[in-house]
Amino acid sequence: MTTRRASWRTAACVDALVVGGGHNGLAMSHALSQRSIDHVVIERGDVGQAWRSERWDSMRLLTPNWMSRLPEHAYDGDDPDGYMSAAEVAGFLSAYATKFAAPVLNHTSVLRVEPARGGYHVVTDRGDWHCRALVLAGGAFNTPVVPRVAAALPATVTQLTARDYRHPGQLGNGGVLVVGASATGLQLAQEIHASGRPVTLAVGEHVRMPRTFRGRDVQWWMQATGLLDQRIEEMDDPGRARRLPSPQLVGTPERVTLDLNALRQLGVTLVGRLVGVRDGKAQFSGSLRNVCALADLKVNRLLDAFDDWARSHGVAADGRDGRLAATLVDQPPRLGAAFGSDIRTVVWATGFRPDHSWLDLPALFDRHGNLLHDRGVVAPGMVVLGLPFLRRRKSSFIHGAEDDVRDLVAHLADHLDRTARTGVGLSLAAA
Amino acid sequence: MTQVQKSADNGVNVDALLGARAALTQAPEAARFKWRATSEWLGGTHSRAAVASFHGLGSEQKHRQTFQFDVDHPEIFASEDNGATPVEVILVGLAGCLSAGIAAVAQNRNIQLRSVKATLEGGMDIQGILGIDENVRNGFDGIQVHYEIDADATAEQIAALVAQSQKRSAVFDIITNPTDVHVTVSKA
């Protein structure tokens, strides 16, 4: 832990300032330390705060332990094929910060960042900083995305997001509508259903994946075949690649596959996307069959690609299959449900977006409020980390930080060298 | 991935579509279209609709000609059957939209189509429109669409064409999702 403190009167100076002490911020701090670049990491809580306070109780990583690694830090427990709980991730990150004495300023919130001569002026609730290089490492999962239709729900319906959900006991009795069919939506639907509350799951476009394929974790295949290392510039439609929802996976000791068929068998009602509210009733899209067909076709193409790769690389084929049965939906699927009688609670598992609202630089955002960047470079001397497919498919994974940080620290070091040499910082105000 | 020579020709100018996509991403206002139809009652259940102009790419646009559509009801409804029923026109719109999408997606994926045939059927309990049973809706209780496609592709690739076409179809969206409809009236 650092002993440095910003003063209330004048801004403390530092070469690089990292906002966020999660895996991305720490990996960057490690890289900056190795280059002896003077820096601080500003963390609103304790290291890995989101893992301590913004995840539901039963949550586990979607990647196996052997994959949890950061530069010079890796899982060293006795269950490499297991999946870390949120608390274990927080512990893993704390151990990392301690290991290389990361200069983390805990319990400090960034309130505003504005351009300043030669860099950026960073206002926190514990003093101001001036930095020449800035790293946005708050991650991609800060603010729950809730669709506009939420505003049309009757006031009698309790709404909460996946960030605020902890366990089913939080919810009132009666039916629950879980909106969203990514990993989060499926896991919450299963857990809430098991608590005795009838669950309806609204399903839009989604990504299917078996937990294991031919005896190995699907993430092993994703990595071995090079898919996780695919770069954003190789993608036909980078925007779409970045918007893809998280695959339907769950981390359990039994390595079970959690999919829509499993939920349907348990008694969860599958419906189409929640598209409207009328006369106190939820309206679901009639496109359920097609979004399921799209996901079925896509997962089969993925598994075909794994098999092709195994054949061409002489990887012994394990006889065990990992093929998924076609998704079954009720004939016909329900198109509506009554709020009150059928549904008392709505849980939004509709994704997250990063929070950069404190970045007082409107030119850096597109008209939808998304941060503009070129593979992580936001502006000269400013980089962002951890966004989905930032540079590579694995960019938002814990193990994805290493390669991105290596690339982006080079940008920062180069910027710091140049601005130090000329003595004139490139500020956005001047650019 | 190996680069494949673009050899399929389904008569869809995909380069123009992709160019429009790129251009309209930069100019979202030009992407706002207005589609129009007019209609005049001719007597009985028979009316004639016309489609001539629309708005898009920032200005008024015209079809090459005015297209007319006679809409009526069959004789078993004690009508003169001067045209398709309005609900059949909905099926016509769905088929036209999905088939156009299939051709465009196939072109983009370099898949040569030889024939694309669609059969559509919408189920309806007319107790709804006749006001016999309040619990029966007026509209279709479901629509079945079947495609028979001959193309240089595997069955999975053909299934993917049809799935992708539904995903990007305007009429599929109009039918499967609610749309606000605002009807006003004035005395002539």
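Start by selecting A:V199, which sits in strand β12 (residues 199-203) of chain A. Keep in mind as you look around that this is a predicted model. Is A:V199 buried or exposed? With 26 other C-beta atoms within 10 Å, A:V199 is buried, because 20 or more such atoms make a residue count as buried.

Setting aside neighbours within four places in sequence, A:V199 is in contact with A:V176, A:V178, A:A189, A:I192, A:H193 and A:V268. Next, pick A:T269 and draw a distance between the two C-alpha atoms: A:V199 and A:T269 are 70 residues apart along the chain, yet their C-alpha atoms are separated by 6.4 Å.

Zoom out to the whole of chain A. How many helices and strands does chain A have? You will find 9 helices and 22 strands in chain A. The radius of gyration of chain A is 23 Å, close to the 22 Å that the globule rule gives for 431 residues, so chain A is as compact as a globular protein of that length. Along the principal axes, the C-alpha atoms of chain A fill a box of roughly 70 × 60 × 40 Å. Of the 431 residues in chain A, 46% count as buried. Among contacts in chain A with a separation of 6 or more, 71% are between residues 24 or more positions apart.

Stay in chain A and select helix α1, residues 23-34. This helix has 12 residues and reaches 16 Å from its first C-alpha to its last, close to the 16 Å expected. Helix α1 of chain A is mostly covered, with 10 of its 12 residues buried. Among the buried ones to click on are A:H23, A:G25, A:L26, A:M28 and A:L32. After helix α1 comes A:S36, with a positive phi near 55°.

Time to move to chain B. Select strand β2, residues 38-43 of chain B. Of the 6 residues of this strand, the number buried is 0, so strand β2 of chain B lies largely in the open. Now show strand β3, residues 46-56 of chain B: β2 and β3 pair in the antiparallel sense over 5 bridges. Which residue of β3 is the bridge partner of B:E40? That partner is B:R48. The two strands form a hairpin with 2 residues between them, and B:G44 in the turn has a positive phi of about 60°.

For the last stop, colour chain B by domain. The domain assignment gives domain 1 (31-83) and domain 2 (85-178). The C-alpha centres of these two domains of chain B lie 20 Å apart.

Terms used:
Residues numbered from 1 in each chain as written. Chains lettered and ligands numbered in written order. Predicted model: local features only at pLDDT ≥ 70, side-chain atom pairs only at ≥ 80, totals over all residues. Helix = DSSP H or I, 4+ residues; strand = E, 2+ residues; numbered from the N terminus. Expected span 1.5 Å × (residues − 1). Rg over C-alpha atoms; globule rule 2.2 N^0.38 Å. Contact = placed C-beta atoms within 7 Å. Pairing = 2+ DSSP bridges. Domains from an automatic or database assignment.
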